[in-house]
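Please open the model in your viewer and keep the selection tool at hand. The tour below moves from one selection to the next and says what is found at each stop.

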Amino acid sequence: KEVVGNYLMYDGRIVPFKNKRTLYRLFPEHKKELKRFVFQNALLFPRTNTAERALLVNYCNSLIDQS
């Protein structure tokens, strides 16, 4: 059995990343854009699907870079 854990580096600390709500909580100013991206791309976040989580994190990074 393989255990998969995802973490984000934010403000010099490591934050456990479980699902989209983690990003909504960390970046409330981008919540609307993140929700739209999740809906448009029909993203799901089962524990083993790290590819879709990575896609959302990369999109969030692009939003932060634009700010």
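**First stop: Thr22 and its surroundings**

Select Thr22 and, leaving aside its neighbours within four places in sequence, you will find it in contact (heavy atoms within 4.5 Å) with Val15, Pro16 and Phe17. The model is a predicted one, in which local features need pLDDT of at least 70 and side-chain atom pairs count only at pLDDT 80 or more, while totals for chains, interfaces and linings use all residues. Residues are numbered from 1 along each chain as its sequence is written, and side-chain values use heavy atoms, with hydrogens and water left out.

Thr22 lies in helix α1, where helices (H or I, at least four residues) and strands (E, at least two) are DSSP runs numbered from the N terminus. Thr22 counts as buried because its relative accessible area is 3%; buried means under 20%, exposed over 50%, and partly exposed in between, with a 1.4 Å probe and protein chains only. Now show the backbone of Lys18, whose nitrogen is reached by the side chain of Thr22 at 3.4 Å.

**Second stop: the largest nonpolar core**

Next select Leu8, Leu23, Leu34, Val38, Leu43 and Leu56, which touch the most other members among the 16 residues of the largest nonpolar core; such a core is a set of buried Ala, Val, Leu, Ile, Met, Phe, Trp, Tyr and Cys residues joined through side-chain atoms within 4.5 Å. The elements that give two or more residues to this core are α1 (20-26), α2 (31-40) and α3 (50-66), and α3 gives the most, with four residues.

Move to Tyr7, which is placed in strand β1 (residues 7-10) and counts as exposed because its relative accessible area is 57%.

Then select Asp11, in the loop between β1 and β2 (13-16), and check its phi, which is near 55 degrees, a positive value in a residue other than glycine. Asp11 counts as exposed because its relative accessibility is 67%.

Finish at Ala42, found in the loop between α2 and α3, where phi is near 50 degrees, again a positive value in a residue other than glycine. Ala42 is classed as exposed because its relative accessible area is 55%.

Terms used: A polar contact is a pair of N or O atoms within 3.5 Å; within protein, one must be able to donate a hydrogen and the other to accept it, and residues adjacent in sequence count only if both atoms are side-chain atoms.
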